[in-house]
Amino acid sequence: DIFYVFALDVGYSKKYEELIHKHMEGFEYKILYNNGYKYGASKQSFNLLESYRYACEIADKYVFLVEDDIFCGYTFFDTLIKIHEKEPDLFCAIGSKLHNYDYISKDKKQTGNKTTYQTSKDSVYQSWGVCFRKEVLQKYVLPHANPQFYSNPSKYCMLHFPNHFLKGSFTEQDGLIRRCCDTSPLRIGYPDYPRCYHAGIWSY
């Protein structure tokens, strides 16, 4: 019951299309080509945020993001949905190890318990294996996915989030969403036993 959307960024290898068609046979999926080349360094943010916009248009309830260097465990989707079902007022649920807690809060670190989860209002958003209710993206994030942000994300974030501690740094899509979360009344949910991990082999 999952519809898969593959958002190919500018400069992708044609091999990706072949792999998608080969391995997704029998599944429902769509390939998006969000060409944000005119926005230069913001083209990746453009691709991701515009893919969120499309996903919100077709989703019944939940929208997941799994970037191409995130590896998911078997219970990834079920776990994040269950957290949302138990916590109706979440900004999102994140399935990976929350690395921002390495610096922010020792008492909020994941315990490794496979049956428990936590919620937090701390600034811990990261774009590694995320599940949103589509209404949250539509209300808090997508209004900021606009040409002004794509053209000058640092200036945009300083203008619209002037009191945020990140100031004009970390202004790609994940930094924007982190600001949207921090200035909302909503919390982040996360399992104590991570259900996905960042490969760290390619890209950054």
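The model is predicted, so local features need pLDDT of at least 70, side-chain atom pairs count only at pLDDT 80 or more, and totals for chains, interfaces and linings use all residues. Residues are numbered from 1 along each chain as its sequence is written, and side-chain values use heavy atoms, with hydrogens and water left out.

**Helix H4**
- Helices are DSSP runs of H or I with at least four residues, and strands are E runs of at least two, numbered from the N terminus.
- In H4 (residues 134-141), Lys 134, Val 136, Leu 137, Tyr 140 and Val 141 are buried, meaning under 20% relative accessible area with a 1.4 Å probe, protein chains only.
- Down the axis of H4, these buried residues fall within an arc of 160°, so they line one face of the helix; the arc is that of the directions from the helix axis to the C-beta atoms.
- They pack against partners including helix H2 (43-58) and helix H7 (173-182).

**Helices H2 and H7**
- Gln 44, Ser 45, Leu 48, Leu 49 and Tyr 52 in H2 meet Gln 173, Leu 176 and Ile 177 in H7, where contact means heavy atoms within 4.5 Å.

**Tyr 12**
- Where is Tyr 12? Tyr 12 sits in the loop between strand E1 (4-8) and helix H1 (14-23).
- Because its relative accessibility is 24%, Tyr 12 counts as partly exposed, the class between buried and exposed (over 50%).
- Leaving aside residues up to four places away in sequence, Tyr 12 touches Glu 17 and Tyr 33.
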